[in-house]
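Q: The sequence and the structure of one chain are shown below. Please go through how its parts are described and what those descriptions rest on.

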Amino acid sequence: MLNIGDLIIYSSHGICRIDGINSMKINGVTKDYYVLHPLENDQQQLTINAPVDNDKIKMKELIKKPEAEKILESFHLDGVEWIDNPNLRSQTYKKIVNNGDRFDIAKVINTLIKKKHELENNGKKLYEQDNKHLTTIQGILFKELSLALGLSVKELHDKINQRLLKAV
């Protein structure tokens with residue numbers, strides 16, 4: 001069980017702080033709920049009540065520095081396979097991300113960033129659906145990595161871009 005004050009990754013809301021654990025009665029059933037508040041500026045007023053025993057919603061503790069360093073180093077490696085069909089690519093990449101493995105998420109980010117650079121170098125843009133997906137998952141993972149590594153998100157961005165550009 002997580003504790004009050006813990007920082008976690010919660011679904012698509014990103015990094016949240018557990019500000020309480022309350023019991024609530026809904027439809028005659030009393031359950032314990034985490035009271036979560038996202039740390040992102042645009043979501044700070046949002047309060048989320050997540051059942052403590054819910055297996056369907058992904059809640060993960062933040063990674064520690066050694067794991068974050070390994071993920072950062074993984075940007076030297078290849079990402080996932082690029083899929084030409086946009087719908088299949090979106091479905092496949094979302095499935096990888098929803099699995100919650102941060103190394104696999106980093107591989108998806110790696111691939112999308114490299115493709116974005118490649119397209120921009122040819123005067124083109126990344127497909128809008130890919131760009132939205134990249135922005136969302138990159139924002140969550142990079143914020144988590146920056147906290148674990150004690151870097152600003154911009155510093156982390158710069159380090160990752162240096163690794164990616166060397167790999168291309």
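Q: How many helices and strands does the chain have?
A: The chain, which comes from a predicted model, has five helices and five strands.

Q: In what pattern do they follow one another along the sequence?
A: The pattern is β-β-β-β-β-α-α-α-α-α. Along its principal axes, the C-alpha trace spans about 60 × 35 × 25 Å.

Q: What makes H1 roughly parallel to H3?
A: Helix H1, residues 65-73, and helix H3, residues 102-121, pack at an angle of about 30 degrees. Angles under 35 degrees count as roughly parallel, so H1 is roughly parallel to H3. The axes of H1 and H3 lie 10 Å apart, and their crossing is right-handed.

Q: Which residues make the contact of H1 with H3?
A: From H1 come Glu67, Lys70 and Ile71, and from H3 come Arg102, Phe103 and Ala106. By class, the residues of this contact are three nonpolar, no polar and three charged. Glu67, Lys70 and Arg102 belong to residue types that count as charged.

Q: Why are H2 and H4 called roughly parallel to each other?
A: The axes of H2 and H4 cross at roughly 10 degrees. The cut-off for roughly parallel is an angle under 35 degrees, and H2 and H4 are therefore roughly parallel to each other. Their axes come within 10 Å, and the crossing of H2 and H4 is left-handed.

Q: Which residues of H2 and H4 meet?
A: On the H2 side they are Pro86, Asn87, Arg89, Ser90, Tyr93, Lys94 and Val97. On the H4 side they are Gln129, Asp130, His133 and Ile137. The contact of H2 with H4 divides into four nonpolar, four polar and three charged residues.

Q: At what angle do H2 and H3 pack, and how far apart are their axes?
A: The angle between H2 and H3 is about 145 degrees, and their axes are 8 Å apart.

Q: What makes up the contact of H2 with H3?
A: Tyr93, Ile96, Val97 and Asn99 of H2 meet Asp104, Ile105, Val108, Thr111 and Leu112 of H3. Six of the residues in this contact are nonpolar, two are polar and one is charged. The charged class takes in Asp, and Asp104 is among the H3 residues here.

Q: How much space lies in the largest pocket?
A: The largest pocket holds about 420 Å³ of space. It is lined by 17 residues, and the closest to its centre are Ser11, Val97, Asn98, Ile105 and Ile140.

Q: Which helices each supply at least two residues of that lining?
A: They are helix H2 (86-99), H3 and helix H4 (128-149). H4 gives the largest share of the lining, six residues.

Q: How does the lining of the largest pocket divide by class?
A: Six of its residues are nonpolar, six are polar and five are charged.

Note on methods. Residues are numbered from 1 along each chain as its sequence is written. This is a predicted model: local features need pLDDT of at least 70, side-chain atom pairs count only at pLDDT 80 or more; totals for chains, interfaces and linings use all residues. Side-chain values use heavy atoms; hydrogens and water are left out. Axes are lines fitted to C-alpha atoms, for helices over the stretch in contact, and angles run from 0 to 180 degrees between N-to-C directions. Helices (H or I, at least four residues) and strands (E, at least two) are DSSP runs, numbered from the N terminus. Angles under 35 degrees count as roughly parallel, over 145 as roughly antiparallel, 65 to 115 as roughly perpendicular and the rest as oblique. A crossing is left-handed if the near helix is turned anticlockwise from the far one by less than a right angle, and right-handed if clockwise. Contact means heavy atoms within 4.5 Å. On a 1 Å grid over the protein atoms alone, a cavity is a set of points where a 1.4 Å probe fits but cannot get out, and a pocket is an open set with protein on both sides within 12 Å along at least five of seven lines; lining residues have an atom within 4 Å of a point. Grid points are joined across faces, edges and corners, and a volume is the space filled by probe spheres set on the points.
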